[in-house]
Amino acid sequence: MRYLSEHRKGLSMLAIVTIGFYAFYFISPIKASSMLESSWRFAIPLVLAAMVGVIGERSGVVNIGIEGQMLTSAFAGFFGAAFTGSLVIGVIAGVLTGILMGAFLAWTTVKWQLDQIIAGVVLNIVAAGVTSFYYKQGNTLPALMPKFKVPILSDIPLIGPVFFNRGIFALAALVLVFVVQYMLFSTRWGLRTRAIGEYPNAADTAGVDVIKMRLINVTLAGGLAGMAGAYLSMEAAGTFERGFTAGRGFLALAILIFGAWYPNRVMAAALFFGFASATAAQLQIDKVVEIPQQFINMLPFVMTLIVLSVAAGRVRPPAAAGTPFVKGSA
Amino acid sequence: MIDTEDAVATAELTPLRRLWEFIVRYQAVVVPLVALGLAFSIGALLIQLQGVNPSFAYQSLFRSALMTSDGLQRTLEKATPLILTGLAVSIALRVGLFNIGAQGQLIFGALGAAWVGYQWASLPAIFLIPAALAAGTLFGAMWASISGLLKAYRGVHEVISTIMLNSIAVGIIDWLVSYPLKEEGQILQRTPEIAEQAKLPMFSFVPAGFIVSVALALALAWLLNRTTLGFRFNTVGKNKHAARYAGIKLPGAIVGAMLFSGGLAGLGGAIETLGVVHRYENGFNAGLGFDGITIALLARGNPIATIPAALLVGVLRAGAASLQFDTGIQPEVVDLLLAITLLLVSIPLLAGVLFRDRAAKSEALTSGWGS
């Protein structure tokens, strides 16, 4: 009951959207399914990638390098699987590469106090360089990524097939949103993480090892970027090209701000972006409006700007995000 | 930095010690050179791993970029827009803004110059060239001002807005050269060629645009270090609160710096159009704006230092093609070399290892979301 009253705004919004979508489903089942499908497909990598940012920035480290983390992971996942002929190795390679990239960011910024924005940009440049340099044409995955049907849940009309009959990364994204949300706001780790992101000196005085915790959080968050990248190359596309992530890591940053550094709101924001894209595409298909393809493609970016110019002033980032912690300098 | 006590003592030191003092004093130059050396060593290893003799590969790269007058011309042509985008990113850094959007501003500038260049073909060169360059500058400045305004009045972080505007610029321009500004009867997405008299001249192997951009680098150094405007920019970049307290209007400084920054990037695109490409064509300006980021960071926001940094990138870019032709090594090895150099220069670690407690303190160049 207390939960209901505390979250009445979010829950009532969720209820309205759900009822609206089911009404739409009742009128036109095929269209509603396909639009929800493409919204979520658009949102999956963004949810994972934005959560990298949530964990990093809640711990006080800004991560501009999500794009690069995703790109190298997409590369490692795809070629790992293509060369060894094993999807499992590909998945592991992708996630591990993400963690490795996270470690890179963590050590350069937290340990060696490299400017966080610059570290991210360097990471992106390195990622683009490495993945282009070692790129080889003409490889394919050994097999399609398997889909898993969640019992009972996948039989729900509309949302069942869209959310609960998916590959491993998509299911992980769905689960991790709630796991990270719970961990951040209901566990000791979460309290400490938020403390080192808001006021590291106080956390330090209270006995939290700020440096160690930032190192671990940023490194492990890289694993989520690894999943986002491997999702793109292995699960969504089944291929890899140069510059494959196409700015999704940056979109995730915008979604992170739009979602006010909360995992559940981040997911809502990502779905909203996905839905807007799906709507534009659907209008195009239905020939309701004649919009050139270029404008459809840039819709998410324009929306990001509009959304941020409304939202940015109203939400408050973790106070210490962007500043390195030096013990004893307050 | 050397304090007076040390300076007095230096006079009585052995030559070797004096050399060391000299090196410590000029560590701002030494560190990038060491970083470059290390990057090339790592690069040599990567090239070796690809089964190519690294010294042959590097020879091929540098010979083609520096030893022939054709190659030298190509190097300078490559360096020209890079100096300008490097300056664009640098001046924004001085105000504490990280302009990732030089690429979008540059392609708008390139398109603006191309449009003027073929639309007003009846004008003589003396009017047409300045008009085209001005159009490029204006287009770039306008595009950048969106980020400036969003930052100043809505608190949208410039890193996000400029990245979004890059993608939007690509979309708008792609549409423009696919429909309204498309050369008739062409399959390629490009504008018509600019008028003959709009093409920038060449002095022996030195492109006119190169001279302009070097002059602008010097002018900008003067602006930043010797004028009130430069003082305002630096103050805002160093300490926002102090700047506000001193009566500097922050929104004005932010929008102003973005206008400058975008104008420089746009001019870079305009010069590229008038001097090299001679029209706007999709894909011809790829990466110039992003290299500007690398260059500005290598130069640590110093306008004069952008010249050697841009030349370095220019040499590598100009030589990459023949490197691939001679050895089969992917030209992206150049990006790797630059990325490693940039990493080593940016991390305070290298200076710390070299100079221990005498390493110069590096200042933060950017700001987090909140400020």
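## A:Val47 and the nonpolar cores

In this predicted model, and leaving aside neighbours within four places in sequence, A:Val47 is in contact with A:Ala173, A:Val177, A:Val266, A:Met267 and A:Ala270; two residues are in contact if their C-beta atoms, placed from the backbone, lie within 7 Å. A:Val47 is also among the residues with the most contacts inside the largest nonpolar core, together with A:Ala50, A:Ile255, A:Val266 and A:Ala270. That core has 210 residues, and helix 3 (residues 29–58) of chain A gives the most to it, with 15 residues. Apart from it lies another core, of 6 residues, including A:Ile196, A:Val210, A:Met213 and A:Phe325.

A nonpolar core is a set of buried Ala, Val, Leu, Ile, Met, Phe, Trp, Tyr and Cys residues joined through C-beta atoms within 7 Å. A residue is buried if 20 or more other C-beta atoms, placed from the backbone, lie within 10 Å of its own, exposed if 12 or fewer, and partly exposed in between. In soluble globular proteins, nonpolar side chains tend to be buried together.

## Basis of the model

Residues are numbered from 1 along each chain as its sequence is written, while chains are lettered from A and ligands numbered from 1 in the order in which they are written. Because the model is predicted, local features need pLDDT of at least 70 and side-chain atom pairs count only at pLDDT 80 or more, whereas totals for chains, interfaces and linings use all residues.

The mean pLDDT of chain B is 88, and 94% of its residues reach 70 or more; pLDDT is the predictor's confidence in each residue, from 0 to 100. For the complex, the predictor gives an ipTM of 0.81 and a pTM of 0.87.

## The two chains

Chain A has 14 helices and 2 strands; helices (H or I, at least four residues) and strands (E, at least two) are DSSP runs, numbered from the N terminus. The radius of gyration of chain A is 20 Å, which agrees with the value near 20 Å for a compact globule of 330 residues. This radius is taken over C-alpha atoms, and the globule rule is 2.2 Å times the number of residues to the power 0.38. Along the principal axes, the C-alpha atoms of chain A fill a box of roughly 65 × 55 × 40 Å. Of its 330 residues, 48% count as buried, and residues 24 or more positions apart account for 76% of the contacts with a separation of 6 or more.

Chain B comprises 16 helices and 2 strands. Its radius of gyration is 22 Å, close to the 21 Å that the globule rule gives for 371 residues, so chain B is as compact as a globular protein of that length. The box filled by the C-alpha atoms of chain B is roughly 75 × 60 × 35 Å along the principal axes. Buried residues make up 51% of the 371 residues.

## Contact between the chains

Between the two chains, 40 residues of chain A are in contact with 37 residues of chain B. On the chain A side, helix 6 (116–133), helix 12 (248–258) and helix 14 (293–311) each supply at least two residues. The largest share of this side, 11 residues, comes from helix 6 of chain A. By class, the side of chain A that touches chain B has 27 nonpolar, 12 polar and 1 charged residues. Here Ala, Val, Leu, Ile, Met, Phe, Trp, Tyr, Cys and Pro count as nonpolar, Asp, Glu, Lys and Arg as charged, and the others, Gly among them, as polar.

Helix 3 (residues 27–49) of chain B has 23 residues and should span 33 Å at 1.5 Å a residue; its end C-alpha atoms are 32 Å apart, which agrees. The expected span is 1.5 Å times one less than the number of residues. The buried residues of this helix are B:Val31, B:Pro32, B:Ala35, B:Ala39, B:Gly43 and B:Ile47. What covers them includes helix 4 (54–67), helix 13, helix 15 (333–346) and helix 16 (348–355) of chain B. Just after helix 3 of chain B, B:Gly51 takes a positive phi of about 80°.

Helix 13 (residues 288–298) of chain B contains B:Gly292, which is buried, with 34 other C-beta atoms within 10 Å. Leaving aside neighbours within four places in sequence, the contacts of B:Gly292 include B:Leu82, B:Thr85, B:Gly86 and B:Ala265.

## Positive phi in two loops

A:Leu158 has a phi near 65°, a positive value in a residue other than glycine. A:Leu158 stands in the loop between strand 1 (148–149) and helix 7 (159–164) of chain A and is partly exposed, with 18 other C-beta atoms within 10 Å.

B:Ser204, likewise not a glycine, has a positive phi of about 55°. B:Ser204 is placed in the loop between strand 1 (202–203) and strand 2 (206–207) of chain B, and counts as exposed with 7 C-beta neighbours inside 10 Å.
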